[in-house]
Amino acid sequence: MTGLPALIAGLLVGLPVLAVVLAGLLGGGGEAWTHIRSVLLARYTGNTLAVIGLTSALVLAMAVPAAWLVTMFRFPGRALFEWLLILPLSVPGYVLAYAWSDLAGVAGPIQSTLRSVTGWSARDYWFPEIASLPGLALVLACALYPYVFLTARAAFVTQSVCTLDAARSLGASRARAFWTIALPAARPAIMAGLALALMEAAADYGAAELLGVQTLTAGIVRAWKSFGEPAVAARLAIMLVLVVSGLIMAERWARGRAGSQQSSTRWRKVSRIDLTGLKGLGASAFCLGLFVIAFALPVGRLVWRSLQVQPNIAPIGGAVLNSIMLAGAGACFGFLLALLIALSVGTASPASRFARFVATAGYAMPGAVLALGALALASFLNLPLTGLVALGLLAWVYASRFTAAGAEPMIAALGRAPVSLGQAATSLGASPLRRAREIDLPLALSGAATGALILFVEALKELPATLMLRPMNWDTLAVRTYAYASDERFAAAAQPALLITLAGLAPVILLSWRLARSRPGDAP
Amino acid sequence: MNDALTAIGVSRRYGPSMVVEDVSLSLPAGTITALLGESGAGKSTLLRLFAGLEPVDTGEIRLGARRLSAPGETVAPEKRRIGLIFQDFALFPHLDVRRNIAFGLKPLAKAEIDARISHWLKRLGLEARAGAYPHELSGGEQQRVAIARALAPQPAAILMDEPFSGLDPSLRGSVRAQALGAVREAGIPALMVTHDPAEALEVADRIAILKDGRLLQSGAPDEIYLQPASPSVAAALGPVNRFRARDLPAGLLPETTAPDAEVLVRPEGVVLDGQASVRGRVTSRTLTGPLVQCVIACDRLHLTALVPRAEAPAAGTQTGIRFSPDLTFIFASGAT
């Protein structure tokens, strides 16, 4: 296969970002930009960085101890927590933000219970405000910590347990062995997971808007929607692109020169250490608390709320249909691009490297930024933003954002197959095309089911780009949830939110099932 | 003089299976003891019991007079001062050579740490690699770093789990000589787990043979090789021809041998001697390196002999056979 298909795929994925940068650099600023620059830019950027900083601290404090506990110890409920703790991955940040504002608000069940137990009135006590920057960081950490939990757990499971034994024979206590050996060895994996989580945090629009925190992403949507200034929005988007690029660079830098891949060829099985008595209960309590805060309580509240109201069939049914159509179109488009990129990886051509890089960069870009790029292209080409054009652009933005999520499982599936398969096909006289069709394609498709599912669900959950590009009155589940929740119609928001969460559970369960099957070094 | 490391009646059970059963073994200071056995014999578990990485179910582990392990009582590995060397070296991937060696020296003053590191880098020829990370080292270099790291804290004993099996055969001899030289110098008890009888015979001062969790025999290499206590021990130290006495032609064994005795003969103990009265025919002749392996048909039996190339007859020729008495082991019927 020549590089041409990969080159086209890469260009299609990268075009929206390019358009945004050009629109921001070339477009006129005007008064709105002067205002935003002098008054709001510092606040937006400062808030975004503060959210990122606080979220990473919380994510690390939640995910790393949990991963260490379920990998190295035996305590009540351990096997259950190993996969329960992944479930929050299925809940989009804006759903969690809405569920928690419902739970923790003045009229919510937590404060009501507090008042009825103590007899206080609402003015008699202080209660942490969820609609605040720390509140947003907590909500995002709850939604995003599973990224780090997964990568840290994988790193702890595959570490050579011999290095821990060696550390102890050299006089290190169990705690010192964790801090000086296990944690640094897992650092690149933890940083990779954290980088993913923080990109999502930077890209979040719905949670920040619902909780009233003025981040860059919220500012982009506002500059475009309220000020009607796409060029100003694009300049804010460049700022956000810089922040995200900074995250990617920080992750690369953190890898450093020190090796993290294990030199060993032999795994001793992890023989988990029994935690009994208070220690065991403490470990269980930590994992249970995390699961309850990040999943059980908010999702339980959604279920409770949705049972309270009559199902609102007509608007929800329409939104389900719209969501499926739109996410389906985006997933198909993204799947095609992902397949082209995955099949080109074996050629190691510059075009293939370019396409893969662009796809990864697109995954890091917030949906609001890509939507702006698509808008800039549409206005450059004088396309009307209605009907099929708008939907087409939206599907394209989904594809641009999520192609990497679809391509990576296929690349992994191809990578697991020995190089000699292709060489055998060639030695048997197969042309490059026949080899791609009969050998590479079927191999890539074994990883395709996961890729397609991830693409579909990610597209289903996407909020800011959908808000910006959808045709008038064309609502998806994400848009409905957000609209109801921002009107504080919590009961009405519950049903679409629950449907998104249910759809999100499918790939998460598939993922944890796969993890359970391919687990090296586990105790029998 | 350093203390011996001793196991007294030690057992360890995983669920229903007994992995180490009533093993008593003393590792004298200044000697290298090879622990030999097939995979699954319990070698690594016994090593982990010595190291304190697992508790004992019965028995005791002592260093000199100090009790390290007893049921319900295990001195933590970090409190034992027992060095460990692994087959996969277990170097810390995120630390360079210098900091790998420094890891176990933490309580010491900085000057002392630097001095020890310099000493060990020099002793094992690693000076040029001090700043390298493990993944930048060759297998032999990684092995030497592992030795330096384990010996730098001046441990009271050292335990090695198949330390050389990960190395290229062409490298193994020289790395092994260098590494074990350093271990001997330390004058401490040393245990080396191996499944290679040739390695055990070549480098160990003492050999202990483990099978199905039980210690079959321990002693000096010569003693074990020439006076195996059981057919299993004889078989553990290298290939053997194994027969019932009654199946062998008369004249190969002493006349007093009971007819149902177990007879084990090492291939190098099958001597091809033109003058011998027992005759056989060479059915195959294979060069195996310095020696030639001949298979000889004799009555209905097939015997394997290892002989110098110059003395090996061609395939198809007739030859006389006798057994060398010191390499022929006769056990009562039913011995295992």
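In this predicted model, strand β3 (residues 32-36) of chain B runs parallel to β9(B), and five bridges join the two. One of the facing pairs sets T33(B) opposite L191(B) in β9(B). β3(B) also pairs with strand β10 (residues 206-211) of chain B, again in the parallel sense, over four bridges. Here T33(B) stands opposite R206(B) in β10(B).

β3(B) is mostly covered, with five of its five residues buried.

How much of strand β9 (residues 190-194) of chain B is buried? Five of its five residues are, so the strand is largely enclosed by the rest of the structure. On one side of β9(B) the buried residues are A190(B), M192(B) and T194(B); on the other they are L191(B) and V193(B).

Besides β3(B), which β9(B) meets over five bridges, β9(B) pairs with strand β8 (residues 157-161) of chain B. That pairing is parallel and has four bridges.

| Strand pair | Sense | Bridges | A facing pair |
|---|---|---|---|
| β1(B) and β2(B) | antiparallel | seven | R13(B) and M18(B) |

**Helices α4 and α5**

β8(B), α5(B) and β9(B) together make a right-handed β-α-β unit. The helix of this unit, α5 (residues 169-186) of chain B, also packs against helix α4 (residues 139-151) of chain B, with axes that come within 10 Å and cross at roughly 5 degrees. Angles under 35 degrees count as roughly parallel, and α4(B) and α5(B) are therefore roughly parallel to each other.

On the α4(B) side, the contact is made by G139(B), G140(B), Q143(B), R144(B), I147(B) and L151(B). They meet L171(B), V175(B), Q178(B), A179(B), A182(B) and A186(B) in α5(B). By type, the residues of this contact divide into seven nonpolar, four polar and one charged.

**Two loop residues with positive phi**

Q154(B) lies in the loop between α4 and β8 of chain B. Its phi is near 50 degrees, a positive value in a residue other than glycine. Is Q154(B) buried or exposed? With 12 C-beta neighbours inside 10 Å, Q154(B) counts as exposed.

F89(B) likewise is a residue other than glycine with a positive phi, near 70 degrees. F89(B) is placed in the loop between β7 (82-85) and α2 (97-102) of chain B. F89(B) has 27 other C-beta atoms within 10 Å and is buried. A residue needs 20 or more such neighbours to be buried, and one with 12 or fewer is exposed.

**The open sheet of chain B**

Chain B also has an open sheet of five strands, in the order β2-β1-β4-β5-β6, with antiparallel pairing. Its edge strands are β2 (17-27) and β6 (73-74), each of which pairs on one side only. Strand β1 (residues 5-14) of chain B is joined to β2(B) by seven bridges, and the two run antiparallel. Within this pairing, M18(B) in β2(B) is the bridge partner of R13(B).

**Chain A**

What makes up the secondary structure of chain A? It comes to 22 helices and two strands. Chain A has 524 residues, of which 51% are buried. Among its contacts with a separation of 6 or more, 86% are between residues 24 or more positions apart.

A131(A) is found in the loop between α5 (109-118) and α6 (133-158) of chain A. With 15 C-beta neighbours inside 10 Å, A131(A) counts as partly exposed. Apart from neighbours within four places in sequence, A131(A) is in contact with S101(A), L211(A) and G212(A). A189(A) is 58 residues from A131(A) in sequence, and their C-alpha atoms are 32 Å apart in space.

Key. Residues are numbered from 1 along each chain as its sequence is written. Chains are lettered from A and ligands numbered from 1 in the order in which they are written. This is a predicted model: local features need pLDDT of at least 70, side-chain atom pairs count only at pLDDT 80 or more; totals for chains, interfaces and linings use all residues. Two strands pair if DSSP finds at least two bridges between them. Axes are lines fitted to C-alpha atoms, for helices over the stretch in contact, and angles run from 0 to 180 degrees between N-to-C directions. Angles under 35 degrees count as roughly parallel, over 145 as roughly antiparallel, 65 to 115 as roughly perpendicular and the rest as oblique. Two residues are in contact if their C-beta atoms, placed from the backbone, lie within 7 Å. Ala, Val, Leu, Ile, Met, Phe, Trp, Tyr, Cys and Pro count as nonpolar, Asp, Glu, Lys and Arg as charged, and the others, Gly among them, as polar. A crossover is right-handed if, with the strands pointing away from the viewer, the path from the first strand over the helix to the second runs clockwise.
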